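Subject: Structure handover

Hello,

Please find below the structure I am passing on to you. My notes on it follow.

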Amino acid sequence: MSENQNAVTYASAGVDVEAGDRAVELMKDAVKATHGAGVVGGVGGFAGLFDLSVLKDYRKPYLATSTDGVGTKVAIAQKLDIHHTIGHDLVGMVVDDIVVTGARPLFMTDYIATGKVVPERIADIVRGVAEGCSLAGTALVGGETAEHPGLLAEDEYDVAGAATGIVEADELLGPDRVREGDVLIAMASSGIHSNGYSLVRKVLSVAGWEYEREVAELGRTLGEELLEPTRIYTADCLDLIEAFPVNGEDGQTGSGVRGFSHVTGGGLAANLARVLPVGTVGVVERSTWEIPAIFKLIGELGSVPQADLERTLNLGVGMIAVVDPSVADAAVERLNKRGLPSWVLGTVQKDTGEHKANPDYVQGAKGVDGGAAVLLGSYK
């Protein structure tokens with residue numbers, strides 16, 4: 001078959017298959033490091049395999065699954081050409097939604113779409129995913145990198161991931177376990193995490209602040225602060241469940257951990273309301289913590305109303321545990337000893353209607369016909 005100088009090839013269309021292969025070579029050792037006894041096969045198969053026989057001692061197992069991305073935080077990584085933290089963010093956003101149910105994340109897959117495959121950049125992203133998976137005790141069993149020339153610019157990319165976990169049916173956490181009088185425990189965030197960056201980027205754009213700007217109150221550049229990886233709470237939450245078992249004598253109400261709320265898009269109140277039963281309200285006292293500097297900066301720089309900040313950003317609380325009051329102090333102490341700053345945030349109360357007129361009252365958030373939450377008082 002004769003060669004035609006005008007022939008269109010995959011390479012001329014903008015897709016470099018060899019670059020994808022080089023990226024796999026650069027990342028495969030990091031991926032393999034996350035594999036434990038349940039992973040079957042290596043890197044590069046059409047599908048990741050997991051041997052469920054390692055879970056044969058479960059009595060009635062439920063599988064839990066979650067998928068997510070990291071939103072417009074990727075735009076900052078691309079602007080600064082720093083890519084090794086975004087994968088860490090991705091893991092946190094996915095596995096910590098799973099652990100909210102009491103499930104242990106077993107394995108994860110990732111997906112990267114980019115305008116041009118730069119092997120070193122893709123490898124940095126996936127190494128970050130592998131690092132996050134190691135922190136969560138989760139195997140990275142597969143993934144996909146897709147080159148989309150003409151749809152994305154050469155330096156643009158987006159990431160997504162999905163994970164699967166497992167929990168005993170009678171140890172499943174959720175609103176049905178929560179009772180009036182339960183205590184809300186806050187676990188500190190590591191910063192903005194991976195929600196609200198559209199607001200953050202807009203504020204900084206209007207103010208004309210560059211990511212390279214040194215900010216005294218942050219103790220580093222703005223870009224370094226904004227790319228701080230999302231804290232991964234999976235190991236801490238599982239440790240709390242093990243220390244304070246959820247399956248009480250009746251196998252239902254429990255005497256320890258009743259539930260968790262992952263504070264992501266929508267802010268603290270909206271996500272807390274999702275895990276509370278109808279007829280209850282989570283009463284959060286703002287006076288129990290001081291808003292970290294980065295959130296104050298965004299609020300002041302953009303004159304962002306407090307209500308908008310609270311509905312968009314985590315404001316320093318990344319995960320909430322709902323626990324029986326008898327173990328609240330011990331749970332806070334245990335979390336702090338693990339190096340995770342934690343404190344009593346508030347309580348679960350009967351929703352008598354007294355807070356409904358409060359503009360900070362939230363009920364039925366995220367499409368869940370559940371409980372309510374309200375933030376009271378002023379921050380430190």
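**Strand pairing**

In β6, the bridge partner of S66 is A163. The strand β6 covers residues 157-168, and it pairs with β3 in the antiparallel sense over nine bridges. Two strands count as paired if DSSP finds at least two bridges between them. Helices (H or I, at least four residues) and strands (E, at least two) are DSSP runs, numbered from the N terminus.

Some background before going on. This is a predicted model, in which local features need pLDDT of at least 70 and side-chain atom pairs count only at pLDDT 80 or more, while totals for chains, interfaces and linings use all residues. Residues are numbered from 1 along each chain as its sequence is written, and side-chain values use heavy atoms, with hydrogens and water left out.

The pairing of β3 and β6 belongs to an open sheet of four strands, ordered β3-β6-β4-β5, with mixed pairing.

Is T164 buried or exposed? With a relative accessible area of 16%, T164 is buried; buried means under 20%, exposed over 50%, and partly exposed in between (1.4 Å probe, protein chains only). Leaving out residues up to four places away in sequence, T164 touches L63, A64, T65, I98, R104, P105, L106 and F107. Contact here means heavy atoms within 4.5 Å.

**The chain as a whole**

The protein chain has 11 helices and 15 strands. Of its 380 residues, 50% are buried. Among contacts with a separation of 6 or more, 81% are between residues 24 or more positions apart.

**Aromatic rings**

Three aromatic pairs were found in a search of the whole structure. Rings of Phe, Tyr and Trp (its six-membered ring) pair if their centres lie within 6.5 Å; planes under 30 degrees apart count as stacked, over 60 as edge-to-face and the rest as tilted. One of the pairs is W289 with W343, which is tilted, at 6.3 Å centre to centre and 35° between the planes. W289 is in the loop between β11 (280-285) and α9 (293-301), W343 is in strand β13 (residues 342-350), and the two are 54 residues apart. W289 also pairs with Y379, edge-to-face, at 5.1 Å centre to centre and 80° between the planes. Y379 lies in the segment after β15 (372-376), so this pair ties together parts that are 90 residues apart in sequence. W289 and W343 are buried, and so is Y379. Ring pairs link W289, W343 and Y379 into a cluster.

**Helix α9 and the cores**

The buried residues of α9 are I294, F295, L297, I298 and G299. They pack against α5 (197-207), β8 (214-215), α6 (222-226) and α10 (306-312). Just after α9, S303 takes a positive phi of about 50°.

A nonpolar core is a set of buried Ala, Val, Leu, Ile, Met, Phe, Trp, Tyr and Cys residues joined through side-chain atoms within 4.5 Å. The largest has 97 residues, and M187, L226, F260 and L268 have the most contacts inside it. A second, separate core of six residues includes V281, V283, A372 and L376.

Regards
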